Amino acid sequence: MRAILLENVTKKFGDFTAVDGLSFHVDEGEIFGLLGPNGAGKTTTIKMITGLLRPTSGRIEVLGMDVTKETMRVKERLGWVSSEVILDDDLTAMQNLWIQAKLYGVKNWKERAENLLRFFGLEGFKDSKVKGFSTGMRKKLEIAMALLHSPEIILMDEPTVGLDVVSRKAVWEVITRVNKELKVTVLLTTHYLEEADSLCNRIVIINRGKKVVEGTPEELKNSYAYDVIELESAVPLKLNGWDVIYSDGNKYRIRVKDAASVLPSLIMEVGPQNLRKISVKRASLDSVFISLTGLSLEEAGGIDERKLQMILRRARR
Ligand SMILES: Nc1ncnc2c1ncn2[C@@H]1O[C@H](COP(=O)(O)OP(=O)(O)OP(=O)(O)O)[C@@H](O)[C@H]1O
Ligand SMILES: [Mg+2]
């Protein structure tokens with residue numbers, strides 16, 4: 001059975017389409033990544049899967065149940081870690097868990113809560129106020145809260161946003177353990193391709209509400225494993241015969257199979273005297289996004305629709 005299934009899901013807010021004909025599925029046991037820049041529609045998608053938002057059209061199933069029809073039953077089987085702050089700073093870890101237990105009607109919550117705190121290495125802080133917790137500890141506590149009612153699936157909206165590199169790695173480890181040891185299916189959203197690469201067995205990249213590409217990190221790297229050369233010239237360039245995926249003034253991004261072998265001829269063509277800057281992004285999940293859209297994930301968060309659609313069409317040619 002599919003843990004989660006989306007079929008042609010669209011969500012409109014007035015005239016604005018936040019999620020646009022999105023389809024994908026998550027298998028039981030997976031760690032699945034929903035990737036995209038700011039405003040891509042990740043949170044909206046998560047909220048529709050939890051039943052918090054209703055799709056404008058399309059179908060969403062969780063463990064075979066239609067979310068709009070069986071919202072309460074779905075809620076029992078799903079845990080959700082919001083990207084917003086939900087912890088009460090003035091309460092202790094256990095008190096926060098107690099509130100969660102009340103909300104979800106969890107019986108014998110105390111034992112379960114203590115076990116979870118132990119699982120996350122927080123047992124020493126159970127009676128400490130959350131006020132003094134680091135961002136990493138807070139995230140672990142939020143995950144513990146989401147798992148309190150023993151759901152089979154957990155949705156995490158940007159679980160590592162705002163964390164430093166060390167805490168980010170610690171949260172990755174926790175997510176992997178939740179998946180492997182507690183046997184919970186994970187759907188997470190992220191901006192970081194690197195994160196999806198090391199955590200997820202499958203990913204879907206969305207942009208402006210639409211699916212850009214889907215696959216395992218390996219598949220994506222193999223099929224779209226282009227190097228991207230970024231160069232800035234003192235004069236406008238023609239670059240005939242090169243696969244220019246983006247240009248802005250005299251700044252260009254060129255997609256190539258192997259940068260090292262073509263750099264000399266590219267530099268000759270530009271004219272070394274004209275070259276202001278040149279750099280190479282080697283094939284990675286990051287360059288998958290760039291080679292499909294012409295943009296880095298960050299830039300994609302702030303570009304207008306028409307320009308992006310044009311770039312996407314060109315990239316898919
Ligand atoms: N309630 C709402 N009313 C109107 N527009 C909304 C609403 N919720 C979200 N949007 C818009 O829908 C688009 C998608 O938002 P969403 O929060 O799903 O993106 P996201 O991928 O989670 O972005 P981020 O990475 O910034 O969290 C955005 O343009 C946002 O402004
Ligand atoms: Mg979001």
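Predicted model: local features only at pLDDT ≥ 70, side-chain atom pairs only at ≥ 80, totals over all residues.

Me: OK, so how many bridges join β12 to β13?
Reply: There are 5 bridges between β12 and strand β13 (residues 251–256), and the two run antiparallel. As one example of who faces whom, Val244 stands opposite Ile254 in β13.

Me: What holds paired strands together in general?
Reply: Strands of a sheet pair through backbone hydrogen bonds, and they can do that either parallel or antiparallel.

Me: Which sheet do β12 and β13 belong to, and what's the strand order?
Reply: They're in an open sheet of 4 strands, ordered β12-β13-β11-β14, with antiparallel pairing. β12 (243–248) and β14 (275–281) are the edge strands, and each of them pairs on one side only. From one strand to the next, the twist averages 20°.

Me: Which strands does helix α9 touch on that sheet?
Reply: Helix α9 (residues 259–270) packs on the sheet and touches β11 (227–233), β13 and β14. The direction of α9 makes about 20° with that of β11. α10 packs on the sheet too, touching β11, β12, β13 and β14, and its direction makes about 65° with that of β11.

Me: And is α10 mostly buried or exposed?
Reply: Buried: 8 of its 9 residues (the helix is 285–293) are buried, so α10 is largely enclosed by the rest of the structure. Among the buried ones are Leu285, Val288, Phe289 and Ile290.

Me: What does Tyr252 touch?
Reply: Setting aside neighbours within four places in sequence, Tyr252 is in contact with Leu231, Leu237, Leu239, Val244 and Ser247.

Me: How far is Tyr252 from Asn108?
Reply: In space they're 61 Å apart, C-alpha to C-alpha, and in sequence they're 144 residues apart.

Me: How is the chain divided into domains?
Reply: Domain 1 covers 2–217 and domain 2 covers 224–316. Their C-alpha centres lie 35 Å apart.

Me: New topic: which residues are around ligand 1?
Reply: The list is Phe13, Phe16, Ala18, Gly36, Asn38, Gly39, Ala40, Gly41, Lys42, Thr43 and Thr44. β2 (16–27) and α1 (42–50) are the elements that give two or more residues to that shell. The largest share, 3 residues, comes from α1.

Me: What kinds of residues are they?
Reply: The shell divides into 4 nonpolar, 6 polar and 1 charged.

Me: You mentioned β2. Which sheet is that in?
Reply: β2 is part of an open sheet of 4 strands, in the order β2-β1-β4-β5, paired antiparallel. β2 and β5 (65–66) are at the edges with a single partner strand each, so one side of each has no neighbour in the sheet.

Me: And what joins β4 to β5?
Reply: Strand β4 (residues 57–62) is joined to β5 by 2 bridges, and they run antiparallel. Here Val62 stands opposite Met65 in β5.

Terms used:
Residues numbered from 1 in each chain as written. Chains lettered and ligands numbered in written order. Buried ≥ 20, exposed ≤ 12 C-beta atoms within 10 Å, placed from the backbone. Near = placed C-beta within 6 Å. Nonpolar A, V, L, I, M, F, W, Y, C, P; charged D, E, K, R; others polar. Pairing = 2+ DSSP bridges. Axes fitted to C-alpha atoms, helices over the stretch in contact; angles between N-to-C directions. Contact = placed C-beta atoms within 7 Å. Domains from an automatic or database assignment.
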